[in-house]
Amino acid sequence: MEANNGQARPGTTNGYGSRGDDGVCHDDSATPVRANTVDELHSLQRKPTAALSSSQLEERHKQQLQSISASLASTTCGIGPKLVKGDPARKKEMVGKALPHHQHHITVPTISVSDSDLKFTHVLYNLSPSELYEHAIKYEKGSFITSSGALATLSGAKTGRSPRDKRVVKDETTADDLWWGKGSPNIEMDEHTFLINRERAVDYLNSLDKVFVNDQFLNWDPNNRIKVRIISARAYHSLFMHNMCIRPTYEELENFGEPDFTIYNAGQFPCNRYTHYMTSSTSIDISLKRREMVILGTQYAGEMKKGLFSVMHYLMPKKQILSLHSGCNMGRAGDVALFFGLSGTGKTTLSTDRNRILIGDDEHCWSDNGISNIEGGCYAKCIDLSQEKEPDIWDAIKFGTVLENVVFDEHSREVDYTEKSVTENTRAAYPIEYIANAKIPCVGPHPKNVILLACDAFGVLPPVSKLSHAQTMYHFISGYTALVAGTEDGIKEPQATFSACFGAAFIMLHPTRYAAMLADKMKKHGATGWLVNTGWIGGSYGVGERISLAYTRKIIDAIHSGELLATGYKRTEVFGLDIPTKVEGVPSELFDPINTWEDKDSYKLTLFKLADLFKRNFKVFTNHKNGGVSDLADEIAAAGPNF
């Protein structure tokens, strides 16, 4: 073919230089889309979920809406809102039309009609991360996609938990069971005040055009899992709980039924400060009798995670299952280790081991079946995060992950993890399967080792000690670590800090109850207790130096391998701890702290100072009658410092 000027017409060829039979090169024409509007075109773009038949979906939707409406029922009126399944932006055609029968909730006749009677609340039920991204970015100010694909969002004015605003209903169910009084994290409220706050939260949620509802599970042990429902106003909160709880399958959702526990997260709306028991505009309230939790005045998502953990600390011991604030990993041979430790002790670093499988990073249950993770995700601190120091967490921050309160470059959207402009408590929430060596399902056999971590800035605790069962209970209840200068304003020298059971803010029962269960399970299954100091040697903070992480890892490896069970031991003074005489790859002189101090007199003064702090802390537990029968605290106290 030639052009009009007689020259050859340029053209492309099909395949390896040949044209199609019709002479058209690269023919990508197709039948036009049968759509008259952009909305119709978009409807073709979205493929409906085909996991269930239309009749099954209709029946399931009916049951779900009735159940959710009952959850949102007013305690005053006794009925719930009219609910519609789906996004209100896609429900414009419903305006002015009667709803299908299966989308109505049965209500009682009313005498007068108000605006609320004419309104429908749209339920966004168990949305996928992609759908939740769309809602967050479109409707929630401060939500952005970062360069890694994670969703960055803001938690509002509160960037951490508000423990002084957390309340538990004291009633006939909890009056004798829960730990009340001095030292307890449980601040009481009455049921009437709880219902006032519940009504305020429910009224707020019902006033919205849409609410997000998550139906999920806690506890990977199928025989002891808990069904939870989270009703919230923010896509961020829904995605956070999607990541942190265990995600049900379509079949499990179909048979979900009524939840065992419900959260009403109305955190964008304050509580009434003039309500009895309220001390601020924030209130986090738990009723164990009603199996409900109400959140007002704080949008920090961690309140939901830790609130459910508190609930598990009550429900699980009722079934003789020990709930634990710990990390957990497993060796290739099936040996399981628990890691307890407060912030800065190295719990995350030491429990995350490329040579071992991660069962969970924070919350577990120990039942007759073995160990099981409570959660379906991880909630990692992000401050100063780097790929070199925490490669597993770094790699887990991708699409689907929630990044709370981080700072990022305005153009590239690259996160600066060193930046503290919003808060130092920056966090990442991601599903546990984002960790490459996570064990799915997150269950394992009975633990062989229970490792208690302490960062002793006084420099007098040994790098490792083997504990008797009584000593394990004592140090478990004490939950010791030390703050050092620079970690908080005004700290000039090491300060001891104690948190019962390594999670005092979340426990419900008296610490001796959990300690007794821990000792019983350790005895029954042959587990060994260890106290590992990841803090200072050769002197207190400012004089000595922090023990090498490489040495600590060798100690932990020796615990896992069983090497430390076969070596010799000697006993220290005051604390009465059994310390090994040899660990492969660790200088033997480090095991007895006095060997590393130049000033021996200063060592002894510091040793007695720390021992006295332990004794003072333990006084709050010594007068407790466990179950009203035996004074277990006396037996445990005898395993502490003796001088």
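Which residue forms a salt bridge with K305, and how far apart are the closest N and O atoms? Select K305 and E363: the two form a salt bridge, with 3.2 Å between the closest N and O atoms. A salt bridge here is a side-chain nitrogen of Lys or Arg within 4 Å of a carboxyl oxygen of Asp or Glu.

**Before going on**

The model is predicted, so local features need pLDDT of at least 70 and side-chain atom pairs count only at pLDDT 80 or more, while totals for chains, interfaces and linings use all residues. Residues are numbered from 1 along each chain as its sequence is written, and side-chain values use heavy atoms, with hydrogens and water left out.

**The whole chain**

Show the chain as a cartoon. Its secondary structure comes to 15 helices and 32 strands. Helices (H or I, at least four residues) and strands (E, at least two) are DSSP runs, numbered from the N terminus. Of the 643 residues, 53% count as buried. Buried means under 20% relative accessible area, exposed means over 50%, and partly exposed is in between (1.4 Å probe, protein chains only).

Now switch to a surface view. The chain exposes about 29,600 Å², and carbon and sulfur atoms supply 50% of that area. Accessible areas come from the Shrake-Rupley method with a 1.4 Å probe; for residues, only the protein chains shown count as cover. Among contacts between residues at least 6 apart in sequence, 72% join residues at least 24 apart. Contact means heavy atoms within 4.5 Å.

**Salt bridges**

A search of the whole structure finds 23 salt bridges. Return to the opening pair, which links distant parts of the chain: K305 is in helix 7 (residues 302-318) and E363 is in strand 16 (residues 363-367), 58 residues apart. K305 is buried, with a relative accessible area of 5%, and E363 is buried as well, at 1%.

Next select R616 and D612. Their side chains meet in a salt bridge (2.9 Å, N to O). Both residues lie in helix 14 (residues 600-622), 4 residues apart, about one turn of the helix. R616 counts as exposed at 55% relative accessibility, whereas D612 counts as partly exposed at 27%. Elsewhere, salt bridges that share partners join K305, K306, K347, D362, E363 and E375 into one network.

Then select D578 and R571, whose side chains also meet in a salt bridge (2.9 Å, N to O). D578 counts as buried at 17% relative accessibility; R571 is exposed, with a relative accessible area of 60%.

Select helix 10 and helix 11. Helix 10 (residues 469-478) and helix 11 (residues 511-525) pack at an angle of about 145°, with their axes 9 Å apart. The contact is made by residues of both helices, among them T472, M473 and F476 of helix 10 and L518, A519 and M522 of helix 11. Axes are lines fitted to C-alpha atoms, for helices over the stretch in contact, and angles run from 0 to 180 degrees between N-to-C directions.

Stay in helix 10 and centre on T472. T472 counts as buried, at 2% relative accessibility. Leaving aside its neighbours within four places in sequence, T472 is in contact with L452, L467, L518, M522 and G529. The C-alpha atoms of T472 and G529 are separated by 5.8 Å, although the two residues are 57 apart along the chain.

Which peptide bond is cis? Select I440 and P441: the bond from I440 to P441 is cis, with omega near 0°. P441 lies in the loop between strand 22 (427-431) and strand 23 (443-444).

Move to R291, in the loop between strand 10 (283-287) and strand 11 (292-296). Its phi is near 55°, a positive value in a residue other than glycine. R291 is partly exposed, with a relative accessible area of 34%.

N405 is in the loop between strand 19 (402-404) and strand 20 (407-408). Phi of N405 is near 60°, again a positive value in a residue other than glycine. Is N405 buried or exposed? At 1% relative accessibility, N405 counts as buried.

**A surface patch**

Finish with V33, L41 and L44, which make a nonpolar surface patch of about 280 Å². Patches are made of residues with over 30% relative accessible area and no salt bridge; like charges are joined within 9 Å, and nonpolar side chains (Val, Leu, Ile, Met, Phe, Trp, Tyr) within 5 Å. L41 is in helix 1 (residues 38-45) and is partly exposed, with a relative accessible area of 40%.
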